[in-house]
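Here are a few friendly notes to read alongside the model. Keep the viewer open and find each element as you go.

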Amino acid sequence: MSTLTEAPPPLAPAAPEKKPPRKRGRFTPYWLLLPGILWLVVFFALPMIYQASTSVQTGSLEEGYKVTWHFATYWDALSEYWPQFLRSVAYAASATVLCLLLGYPLAYLIAFRAGRWRNLIMILVIAPFFTSFLIRTLAWKTILADGGPVVGALNTLHVLDVTSWLGWTAGDRVLATPLAVVCGLTYNFLPFMILPLYTSLERIDGRLHEAAGDLYAKPVTTFRKVTFPLSMPGVVSGTLLTFIPATGDYVNASLLGSADTGMIGNVIQSQFLRVLDYPTAAALSFILMAAILAMVTVYIRKSGTEDLV
Amino acid sequence: MKTTDATDRGGDVRLSGISKTYGSFTAVHPLDLTVPQGSFFALLGASGCGKTTTLRMIAGLEEPSTGTVHLGEQDVTALPPYKRPVNTVFQSYALFPHLDIFENVAFGLRRRGIKSVKKQVEEMLDLVQLGEQARKKPHQLSGGQQQRVAVARALINHPKVLLLDEPLGALDLKLRRQMQLELKRIQTEVGITFVHVTHDQEEAMTMADTVAVMNGGRVEQLGAPADLYENPQTTFVANFLGTSNLIEAEVDARSGDDIVVKAAGDKLILPGGRSSAPATTGGKVLVGVRPEKIGLAHADEAGSIPEGRNRIAGKIVNTSFIGVSTQYVVDCAACPEFEVYVQNIDRDPRLVPGADVVLHWNPAHTFGLDAAQDIDAGVAEEEAA
């Protein structure tokens, strides 16, 4: 019995040698973080601080700008350009809704019905990215050109009468109207809606659909009570990925729109590059950022998906 | 094919000539089956035997290639699942992750337009002992609790038939035993017909009144668990349900109701009523006996074995002690791996590997099977499942 209770020889001697490597490794995580932190400081924090300071400067190009804590620039910018702000939000919101209406059925189809065509359709969704954003937007200029087949068809069907009455188009023109800008935004941001929607739909366990059917839910009810609620993370991230860049976009408005369809992005661009009024441009940028942050915060609270961000 | 009695009642499940083919693969061969109202019916088989497909055809989740499904007098073959008075407890439960336990259980009631669900849901949650958990989300519950939610969610609708697709497969052994008794208790309490799909033969035998053993898309045999165990009709059933020692033998003579067979020189007696094989003299037959029916005597004591028992001599190859019993593997001329389970009442120290022994059993415990079958059918399947 005594031989059985004898403890095995201790493995202690190896222990002290473990200490030095632990000391050496203590700062490793911070060293690994360094490139990322440097990147953020140089390309995010510094420009933000620089822009913030620009927005409260006064002066002129000839005499140079000085920080005078002139916060009135914000108020002036807002009171002068509020129509562009409203238009940006309205266009971006319309485009987001359109993207959701177009993208959801497609994402649903890819996730549940496409079978072996799934990968092909996914490639087709991403394919536009192989061409430049500008060229694709210019192509829409041709598509919507006056007297072109699209405008012709819409005219024959008297659709343009309705949209003109609503103020979306002007006479027999589509180009240079709000409709054209919203179409361009919708087209350009559609993949950003489809991809997150697809990801969240694809993750839904098919047995949940069977279970809902088994528990007396018609297919429509199954969608309303099970599929759609479970795809909410995709809906929220898709709408954010569409709405945020669309609000600040200026390419669609400048290529497909007119002076009357200017968005806030166009104002910022021209203040920076043509008028060279840097304080106003910087102030507009900050107002836009604050507005988007406020809207997104409210939206995420309302949709109950805080765990997303 | 044998079916259970079809006493015409509202909750009977009647499958007539039902089959399912996927392209050239036949998952279920034309099948007739009647599950009487209020019974606990198990479809038992290895994975891929067609049991789940059969269940899904009853639920309406799979459309049969041929045949009809009747619930009582109603032909439900063409009805979509949401119109069938049938509910399913899915494998891995399929609880709605975005709804809390209360709403999961209330789902079916709400879909049928029932407004005041509170009382019913609370009663159902009490039945499965989850009253406290009503406002939790499914992922906050343990596997056993989720399983009970799945049962409650289906039962609250008072279906004519409750279908259970491997409902205990995801649980650990101890919990599985507990849930088997729990499900049995619930079934007795509510009196609804349960159709239970499982690959676990012990689970099927513990819970079900009637078990249908399926193999390769066909029902091999159907009956009460004890009947199936004692009187297997095929080698698959004999091997899949527990363990059987099957010996190839030749019919020697008939004496009264008994058949005398010869296996490698040993004469064995097989009751004629327990043989499903044709007993023509000189014909082949498979003789079977369950390992726990056999007595094991050391060769020196062979004289003390009472007359009239079947006996075979052999040598112990292997023993394993498992507490309540000891399992011996004996090499006999007729069967190289004869399994014997002996209860550990008085252990004979001479019964060690290499010892010469005599196996003996009451001839009444012998069953006969058609020798045209694969003698190992159902052995490998059980290990794979």
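1. An axis here is a line fitted to C-alpha atoms, for helices over the stretch in contact, and angles run from 0 to 180 degrees between N-to-C directions. Please also keep in mind that this is a predicted model.

2. Start with two helices of chain A. Helix H3 (residues 28-55) of chain A and helix H15 (residues 278-303) of chain A have axes that come within 7 Å and cross at roughly 120°. That makes H3(A) oblique to H15(A), because angles from 65 to 115 degrees count as roughly perpendicular and those over 145 as roughly antiparallel. The crossing is left-handed.

3. Which residues make this contact? From H3(A) come Gln51(A), Ala52(A), Thr54(A) and Ser55(A), while H15(A) supplies Tyr278(A), Pro279(A), Ala282(A), Ala283(A), Ser285(A) and Phe286(A). Sorted by class, the contact of H3(A) with H15(A) has 6 nonpolar residues, 4 polar ones and no charged ones.

4. Now look at helix H10 (residues 206-214) of chain A, where Ala211(A), Ala212(A), Gly213(A) and Asp214(A) are buried. What covers the buried residues of H10(A) includes helix H11 (219-230) of chain A, and also helix H1 (51-59) and strand S6 (86-89) of chain B. Just after H10(A), you will find Tyr216(A) with a positive phi of about 70°.

5. Last, chain B. UniProt, in an unreviewed entry, lists residues 13-241 of chain B as "domain: ABC transporter". In the model, that span is 35% helix and 27% strand, and its end C-alpha atoms lie 25 Å apart.

How values were computed:
Residues numbered from 1 in each chain as written. Chains lettered and ligands numbered in written order. Predicted model: local features only at pLDDT ≥ 70, side-chain atom pairs only at ≥ 80, totals over all residues. Buried ≥ 20, exposed ≤ 12 C-beta atoms within 10 Å, placed from the backbone. Helix = DSSP H or I, 4+ residues; strand = E, 2+ residues; numbered from the N terminus. Contact = placed C-beta atoms within 7 Å. Parallel < 35°, antiparallel > 145°, perpendicular 65-115°, else oblique. Left-handed = near helix turned anticlockwise from the far one by under 90°. Nonpolar A, V, L, I, M, F, W, Y, C, P; charged D, E, K, R; others polar. UniProt positions renumbered as here; feature names shortened; annotations may be inferred.
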